[in-house]
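Thanks for coming. I have one structure to walk through this morning, and I will keep it short.

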Amino acid sequence: MEYKYIGKDAKRPSAVERITGKAIFVDDIRLPGMLYAKILYPKYAHAKILSIDTSEAEKMPGVVKVVTGKNIKHPFGDCLHDRLPMAVDKVRYIGEPVAAVIADTERHARAALSKIKVEYEPLPVYTDALDAMKKDAVLIHEHSEKYFYVTPLYKPTPGTNIAITYEIKKGDVKKGFKEADVVVEDEFNFHHMSSVAIEPHATIALHHLDGTVEIWTANVGPFAVREQVAEFFGKNISDVRVHIPHIGGCFGYKSDPGIEPLVAYIASFVPGRPVKLRLTRKEDFTSTFIGRGIRARVKVGATKDGKLTALEETLYLSTGAYADTGSNILIVAVQTSGGVYYFPNAHVKGYSVYTNTPPVGALRAYGHPEAEFAIERIMDMLARKLDMSPIELRKKNYITDGKTNVVGEKFKKSDGDLFKCTESVLEAIPPKVEVKEDENYLYGVGYAGLIKAPKAATFASKGCHIKFNVDGTVSLNMAGGDVGQGLWTVARQIAAEALKMPPEKIKVYNEIDTQYSPWEWQTVGSMFTFQGGNAIIRAANKAIDALKRNASLVLKRDPDMLEYDGEYVYDRSYPDVKVAVKDICRGYVTEDGTTIGEVVDVTSYFRLPGVQGPDPETGMGRTGGSYTMGFQGCKVKIDKRTGKVYIDHFATSIDVGKVIFPKGAEAQVLGGVLMGIGETLMEEVRFKENGEIANPDLIRYKLPRIEDLPGKQTVKFIETPDAVGPFGARGLGEHPMIGVAPAILNAIYDAIGYDFKEVPVTQDMVKKVLEEKGLTVKDKEE
Amino acid sequence: MKREIKFTLNGDPVKIEVMPNEKLLDVLRDRLGVKSPKHGCGRGECGACTVLLNGKSIRSCITLAIEVDGQEITTLEGLEKNGMTELQKSFLQHNSFQCGFCAPGMTLTATELLKKNPHPDEEEIREAIAGNLCRCTGYKNIIDAIVDVSKKG
Amino acid sequence: MNNFDYAKPSTLKEAIDIYKKYGEKAKLLMGGTDLVVLMDDGVLSPEMVIDLKGIEELKKLEFDGEYLHIGAGVTFNELIDSPVVKEKFPVIWEASRTVASTGVRNKATLVGNICSAVPSADSAPALLVRGAIVVIATENGDREVPITEFFTGPRRTVLSPGEIVKEVKVPASNGKFGGSYIKLGRYDGEDLAQVGVATIVTENKDYKIAFCAVAPKPVRAFEAEEFLKGKDLTDDVLEEAAKIAVKAISPISDIRASKEYRLYVSGVLVKRSLKASFSRLNGNGPAYGERLV
């Protein structure tokens, strides 16, 4: 089908603001009478708080109030209410707020922090799930049985450090392994990383004297922030209002309520005064959500001709001090454990385990890279054991039309064409390396499939409000946060297509306000195009219907006899019988001024159809709803002397259904792959034994820089229209990260014959292997 | 202990009292209302706070305000006095930025480069902006936009 | 950052007087790229910060035929932009280009870099192999300290309060030579060195080798230099030289690299650097500034 606006280049709303430095971010906002907060952090990552003395700090210049957690009455959360905005009687991680100073300036607040005296009784520290699960481990949450959980899925195991357990059982795994000729088993570890948006977290909270609360923050879940803050304070949800200005990058850690409940709690001590907290880069590492942190023990079986028969897997998420936000990451990882492959039998169990690290939260594609890293690595290992090409093995086992994934969701043709994705990557990077070795380098290629569903709450929806203006232009309001991924552009293009008018006539919102914006669950899971796009189409159709009803009064035709072209509504058979949209969008003013018809101002919503919670017995069910699949591959070269891994070429092909904004889609892949290279080769939040973070800055925590760009990147989109997505489109934003780690590690194996089973793989790890294998060279040539 | 300092900010004279331990970034943003330099890391590691000091890019987060007494500071606000620069138009054209938080620092660094070397090759461009971190884009579209400008004029 | 008093003297004498008065409680400010971070972290809390940028004579960068004088106020980018540095002191030029990023190099100075005396100071190996001399202004006049004796440990030097490094002077080379500085970071780009190696090779088979980031302070590998003296760089000689050279270092494991890795890579880089220097001596090596890792 020919489209007029989608699939074409488009102007990005707000691009000029962002490029010229005029975009307003939270830290750019100054409110009258604003105060500033600074936070005191503990000396220990796990300790009882014996006493806090704030009296000296209160006397410091500029100090308005010193706040501790002693007024907190109950924990809060989303699925499992185990979170506290500030420590109450113990600290559970090194970045946990112990107290806060509110002062007239940030400098004064900071100066007073050192005057707060806290006595602690240190407790043992666990930074790894396996240690925290040991029988004699000290409990990080002594009374997890008291916590509220929304469904039994989120029920903690009291008397242990296990927060949640989730299990899926498909078919008969014992039988599956009996049928197998070959079994491969191994353990994989995906270390913690951080989202590291260049904009650190910042929030302003204001408790009005009438009891209502107003918050300005960088978060793509404004309605979740509103609900959790309201619940924490026992207020009506309608009495909390959240504003979202521009967001300086998200990548996950700004999508669940993070520092907002903390700032709202602090600000509650100074009613009438706005309080700003902006985190330093160090705090951004230590005191917000981190990501990943999953170990996976995997066992797969296959027949000798390469048919997969069974998957058995156990996953351990080191979920950090609070498990609420990590719970869904574990669940998603379990549900994704089979990757793009069909397993007739599967038994997968996952534990999310309390540890003394910052809580794990969302991070681009959460749950998927961790689980698919394991499965995509083991597929290569299995291929070797079967003496089969890893590509052939993959293709033999792709989930195709009519087959089911590990949670039993049946796939349809319209879910995408993995074979085409595979072919286009192989075209860019052929599976055979011409020269395996030269004087300085070893070369290899590797591949991985990728798959991801939105994995949202079953009730997650997005809304679209369309307001026709009297000149025929449209104001479009939604609550999707454009963190740079370009969704405002996509929204405008879809609206233009659906409303049949040029994008220039549609003004897209550029800030979100829970008072005015239509409700949206959270802008997460790469769902905006899919859900939001459908909400736009629904709202557009509703508006067009209203225009036709109005026109029918004017033109004296039944509405279904009328057509709409963006500018006019007209009689289908006599197009010159028409009325201009601008004349009927607020009703129609007749000659004597009497006005008839409706005001065209509509809102519509869309949610993933038919998505279920998992079955309590088997863990199975339609939990994904919509899948995007793809394939990635790379060619690496490894410096024989230093062990440095260079990515010569990285190729990605994703079946997105329909590309809406080509430049934006390509940019998502370019950036996502580089972030994937970061988590594969350099990025890791490292913990010392005492739970401190060893690298909370951008020198020691390695973010990819220009020099880390692959020599070449190929991006190809396949367009198999989705049955439900708007104009056939599917989600894309997070996916480019998913296959990067396994593709690179598979390529490293191809180059040096060694299976790395954890990421990041650093230069000295590679070097060590080269030495052990005698692959280094003596510097005699050159 | 406050000291009065005078400097030129985007072509206009500024007179302000500062404490010796106030950072230039904080004075620009919080006291002078110049918001384009951003607070990203506070340690000179990310480049979001870049401003031009006498035409040269520096990290305002590790510069004391008092150090710029008598000097000339330029931020994006100064460059844009007559609308978007050619470089900014090229960034727009190439969809160079996503969230835009690193854009001011990146733009000033590239501006300094093009002033010093109007026709840099790609390697020189990469080297010049290597200290400016961007988490969104994968850098490619930023480089392409600067290459485009370097070929003109 | 704690509060402090600030002075911006216009002469060295004035600066020394203030420094004498405050002693340990004063810190010198030039580029500030290290000092401001340390003050911000609370590692340093001086009562007085003496900004040396007002002292005209410290801005000197000149070559008088005998010495290159690098004044304390000369930034890394000024060194990089100087034709005489590039032509006659190419290893210093090459090393300067590896320091952080352009936005840092516009303020950071070479003298500041050695005064901070971090073990990974990029400028140190180049100065060590060129036999640089540190000129220190004191209340009793100038004193000169060879760079080999300047560093005493991590973040420690021979300087005492009241003493201000005025300049570093680097002797011109008599004959033809080739040199190189190779820095290996954990990954490319702005990074602290995991290992930095500078070498110089002269026509009459005189060799110089120095390291940073692999010992408590930047060091020369004297024993290896002695071994190499007069020898041709055959494979066996290189191999042996690298073995001896790494005896001069004592790397630690930290977040950037393990001890074993640093030892190994130091040897690799010594060989690579010597070879690059040698080929440059013969006019067939990679251009200065070109990637050697």
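First, the ground rules. This is a predicted model, in which local features need pLDDT of at least 70 and side-chain atom pairs count only at pLDDT 80 or more, while totals for chains, interfaces and linings use all residues. Residues are numbered from 1 along each chain as its sequence is written, and chains are lettered from A and ligands numbered from 1 in the order in which they are written.

Domain 1 of chain B puts 15 residues into the contact and domain 2 of chain B puts in 14. Two residues count as in contact if their C-beta atoms, placed from the backbone, lie within 7 Å.

Which elements make up the domain 1 side in chain B? β3 (50–53), β4 (56–59) and α2 (76–79) of chain B each supply at least two residues, and β3(B) has the largest share, 3 residues. Helices (H or I, at least four residues) and strands (E, at least two) are DSSP runs, numbered from the N terminus. By class, that side of domain 1 of chain B has 8 nonpolar, 5 polar and 2 charged residues. Here Ala, Val, Leu, Ile, Met, Phe, Trp, Tyr, Cys and Pro count as nonpolar, Asp, Glu, Lys and Arg as charged, and the others, Gly among them, as polar.

Now between chains. Chain B and chain A meet through 38 residues of chain B and 39 residues of chain A. On the chain B side, α3 (86–93), α4 (103–116), α5 (122–129) and α6 (140–151) each give at least two residues. α3(B) gives the most, with 3. The chain B side divides into 19 nonpolar, 11 polar and 8 charged residues.

Chain A also touches chain C, with 20 residues from chain A and 20 from chain C. The chain A side there has 4 nonpolar, 4 polar and 12 charged residues.

Last, the sheet in chain C. Four strands form an open, antiparallel sheet in the order β11-β12-β13-β14; strands pair if DSSP finds at least two bridges between them. β11 (177–184) and β14 (219–220) of chain C are at the edges with a single partner strand each, so one side of each has no neighbour in the sheet. Val197(C), for example, has Phe211(C) in β13(C) as its bridge partner.
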